[in-house]
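I opened this notebook to record what I looked up, entry by entry, for someone new to the structure.

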Amino acid sequence: MMGSDEKPKLRCCKTIFGGGWNRSGCSKPAKYTVDGKHYCGTHNPAAEAARNAKSEAKYKAQSEARDAEWKAKDIAALKAKHFDAIFTCAKMLAHHDTELAKAIKTYERALARLEKPHAH
Ligand SMILES: [Zn+2]
């Protein structure tokens, strides 16, 4: 009908992708207008950008934590790989070095506690 001054209700222009072939527009009433397009509070580009930045920061922190964990594991594996050879040499040298002998004894006691936690 012409001449109607009734404003059409603005709806969010965002297209929502559901599972499979479902695709529908966001049906929420628009609260924001950006570059002539209308968005609800959830799909307002500023809010979406903020959410994206937040999840990117979270992802970055997670991947940094994972990298640090892998690095620590690599270092531990490297140390373990060479430990026996170095320890054998150290034991031979300990006959001439009381500090070294003490360090070896401390290590062996700690190891024994781990291997037999209930023995005293
Ligand atoms: Zn929306």
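Is Asp35 buried or exposed? I found Asp35 exposed, with 5 other C-beta atoms within 10 Å; a residue is called exposed if 12 or fewer other C-beta atoms, placed from the backbone, lie within 10 Å of its own, buried if 20 or more do, and partly exposed in between.

I noted that the model is predicted, that local features need pLDDT of at least 70 and side-chain atom pairs pLDDT 80 or more, while totals for chains, interfaces and linings use all residues. Residues are numbered from 1 along each chain as its sequence is written.

I then placed Asp35 in the loop between β3 (32-34) and β4 (37-39), and I read its phi as near 50 degrees, a positive value in a residue other than glycine. Most residues other than glycine have a negative phi.

For the layout, I listed two helices and four strands, in the order β-β-β-β-α-α from the N terminus; these are DSSP runs, H or I of at least four residues for helices and E of at least two for strands, numbered from the N terminus.

I checked helix α2 (residues 98-115), whose 18 residues should span 26 Å at 1.5 Å a residue, and its end C-alpha atoms, 25 Å apart, agree with this; the expected span is 1.5 Å times one less than the number of residues. The number of buried residues in α2 is zero, so the helix lies largely in the open. Of the 120 residues of the chain, 2% count as buried.

Finally, I looked up pLDDT, the predictor's confidence in each residue from 0 to 100, and found a chain mean of 89.
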